Amino acid sequence: MCLESPILSGAGPLPRFLALLFACLLPLSASAADRYRLDPVHTRVLFAVEHAGFSQALGTVSGSEGVLEFDPDDWGSAHLDVVVPIARLDLGDGKWNQATLARNLLDGERHPQARFVSTRVEPLEAGHARVHGLLTLRGVSREVALDVRLNALRRHPLPPFRRTAGFSATATLQRSDFGITAWPSVIGDRVELRIEAEAVRDDNAQAPEAGDDAGAPDTDTEAAADAALDPSPQPEHHP
């Protein structure tokens with residue numbers, strides 16, 4: 001329900017109607033979130049998972065794309081839709097990458113992308129929020145919460161000088177929740193995520209097209225990946 005402003009209300013029915021209309025629309029326009037396009041060059045996901053108790057294996061995924069609706073004065077109205085190209089993951093070794101994308105782990109042939117779509121945003125202290133959403137990975141969707149910090153929101157210092165938002169985020173998930181259960185004695189279940197993201201204001205930004213189930217797997221590629229996971233013929237390339 002909109003409250004009539006005594007300053008704006010007029011004597012006649014038409015001015016009175018216009019005043020009410022203006023009073024209704026003003027709060028909406030003032031709280032409207034800007035639309036941003038995720039910058040795939042300056043957005044990267046880092047993941048850490050235990051490797052046989054010896055170390056935390058570190059990998060990154062670059063090239064994420066998506067759309068963010070964001071008002072720094074109203075975090076609760078924010079919305080994020082992002083696609084992460086799992087097939088571009090990098091653990092620092094080509095054969096290790098191939099083994100991780102095999103069908104009994106990430107199954108990169110059938111599920112080359114992950115997708116995160118926010119469902120609600122919980123504002124915390126200034127510049128921080130917890131973003132709840134659905135993460136779809138390997139064809140399975142589970143709720144995941146991201147702890148997000150706003151680093152900066154201002155005009156970028158380099159051409160084309162677009163208004164840019166920068167964020168850091170962390171999250172923790174269990175790989176078994178997404179059906180990724182192979183090699184439990186070698187690969188830890190807990191996966192820690194760190195995300196660095198930049199988003200450029202773009203009123204025409206479109207939500208990314210997900211291609212999670214993009215085509216049938218290549219048998220030769222899967223066979224090679226499975227061989228890379230087998231510690232008997234190639235022990236140096238097990239996870």
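Student: What makes a set of residues a nonpolar core, and which members of the largest one touch the most others?
Tutor: Such a core joins buried Ala, Val, Leu, Ile, Met, Phe, Trp, Tyr and Cys residues through side-chain atoms within 4.5 Å. The largest has 47 residues; Phe 70, Trp 75, Phe 116, Leu 146 and Phe 167 touch the most other members. Strand β10 (residues 187-201) gives the most to this core, 6 residues. Strands are DSSP runs (E, at least two residues), numbered from the N terminus.

Student: What do these values rest on?
Tutor: This is a predicted model: local features need pLDDT of at least 70, side-chain atom pairs count only at pLDDT 80 or more, and totals for chains, interfaces and linings use all residues. Residues are numbered from 1 along each chain as its sequence is written, and side-chain values use heavy atoms, leaving out hydrogens and water.

Student: How many aromatic pairs are there, and what makes Phe 70 and Trp 75 one of them?
Tutor: The count is 3. The centres of Phe 70 and Trp 75 lie 5.0 Å apart, with 80 degrees between the planes. Rings of Phe, Tyr and Trp (its six-membered ring) pair if their centres lie within 6.5 Å; planes under 30 degrees apart are stacked, over 60 edge-to-face, the rest tilted. So Phe 70 and Trp 75 pair edge-to-face.

Student: Why is Phe 70 called buried?
Tutor: Its relative accessibility is 2%. Buried means under 20% relative accessible area, exposed over 50%, partly exposed in between (1.4 Å probe, protein chains only). Phe 70 therefore qualifies. So does Trp 75, at 10%.

Student: Why is the pair of Trp 75 and Phe 167 edge-to-face?
Tutor: Their planes stand at 90 degrees, with ring centres 6.4 Å apart, so the label holds. Trp 75 lies in the loop between β4 (65-70) and β5 (79-84), and Phe 167 in strand β9 (residues 163-174). The pair therefore ties together parts 92 residues apart in sequence. Phe 167 is buried too, at 11% relative accessibility. Ring pairs link Phe 70, Trp 75 and Phe 167 into a cluster.

Student: What else does Phe 70 touch?
Tutor: Beyond four places away in sequence, its contacts include Ala 33, Asp 34, Tyr 36, Leu 150 and Leu 153. Contact means heavy atoms within 4.5 Å.

Student: What is the make-up of the lining of the largest cavity?
Tutor: It divides into 40 nonpolar, 7 polar and 2 charged residues. Ala, Val, Leu, Ile, Met, Phe, Trp, Tyr, Cys and Pro count as nonpolar, Asp, Glu, Lys and Arg as charged, the others, Gly among them, as polar.

Technical notes. Helix = DSSP H or I, 4+ residues; strand = E, 2+ residues; numbered from the N terminus.
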